[in-house]
Amino acid sequence: MTANRSLILYIVGFLLIIEGGTMVFPGIISLACGEPDYLHFFISAVITLLFGGAMTLFNRNYSKDVSKQDSYIIVTSVWITFVIFGML
């Protein structure tokens, strides 16, 4: 059985969009408090949103059949990508 690559990339991309959106809130708080780190939050959010948007845009046509193998790959991929984009 092969993994449903489009479905996996779509879900990981969608969750990256959510993560990028939540990265905006610390930037707003930092800007409101007058701290100079707000720019780093916004740059990280934009990069994460761009990657997540590209992943969902290019993998819109996916099969909706999710196997147990796909579920394991999705969870592992999300943990790895959240760590990578969280380090920005």
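The paragraphs below go through this structure from its overall fold down to single residues. The model is a predicted one.

The protein chain contains 3 helices and 0 strands. Read from the N terminus, its elements follow the order α-α-α. Along the principal axes, the C-alpha atoms fill a box of roughly 55 × 20 × 15 Å. The radius of gyration of the protein chain is 15 Å, whereas a compact globule of 88 residues would have a value near 12 Å. Of the 88 residues, 27% count as buried. Among the contacts with a separation of 6 or more, 83% are between residues 24 or more positions apart.

Helix α1 covers residues 5–32. Several residues of α1 are buried, including Leu7, Ile8, Val12, Gly13 and Leu16. The list of buried residues in α1 also includes Glu19, Gly20, Met23, Gly27 and Ser30. What covers them includes helices α2 and α3. Phe25 also lies in helix α1, but Phe25 counts as exposed because its relative accessibility is 54%, and the cut-off for exposed is over 50%. Just after α1, Gly34 takes a positive phi of about 80 degrees.

The next topic is the nonpolar core. In soluble globular proteins, nonpolar side chains tend to be buried together. Which residues make up the largest nonpolar core here? This core has 7 residues in all: Ile8, Val12, Leu16, Met55, Ile74, Val78 and Phe85. Helices α1 (5–32) and α3 (68–86) each supply at least two of the core residues. Ile74 gives a local view of the packing: leaving aside residues up to four places away in sequence, Ile74 touches Ile8, Ile11 and Val12.

Aromatic rings come next. A search of the whole structure finds 3 aromatic pairs. One of them is formed by Tyr38 and Phe42, with 6.2 Å from centre to centre and 70 degrees between the planes. This pair is edge-to-face, because planes over 60 degrees apart count as such. Tyr38 and Phe42 both lie in helix α2 (residues 38–58), where they are 4 residues apart, about one turn of the helix. Are these two residues buried, partly exposed or exposed? Tyr38 is partly exposed, with a relative accessible area of 31%, and Phe42 also counts as partly exposed, at 25% relative accessibility. Both values fall in the partly exposed class because buried means under 20% and exposed means over 50%.

The charged end of Lys64 sits over the ring of Tyr62, 4.6 Å from the ring centre. Lys64 and Phe25 are 39 residues apart along the chain, and their C-alpha atoms are separated by 32 Å.

The last stop is the loop between α2 and α3, where Ser67 has its place. Is Ser67 buried or exposed? Ser67 counts as buried because its relative accessibility is 17%, and the cut-off for buried is under 20%. From Ser67 to Gly13 there are 54 residues in sequence and 19 Å in space, C-alpha to C-alpha.

Key: Residues numbered from 1 in each chain as written. Heavy atoms only, no water. Phe/Tyr/Trp six-rings, centres within 6.5 Å; stacked < 30°, edge-to-face > 60°. Buried < 20%, exposed > 50% of the residue type's maximum accessible area, 1.4 Å probe, protein only. Lys NZ or Arg CZ within 6 Å of the ring centre and 35° of its normal. Core = buried A, V, L, I, M, F, W, Y, C linked by side-chain atoms within 4.5 Å. Contact = heavy atoms within 4.5 Å. Rg over C-alpha atoms; globule rule 2.2 N^0.38 Å.
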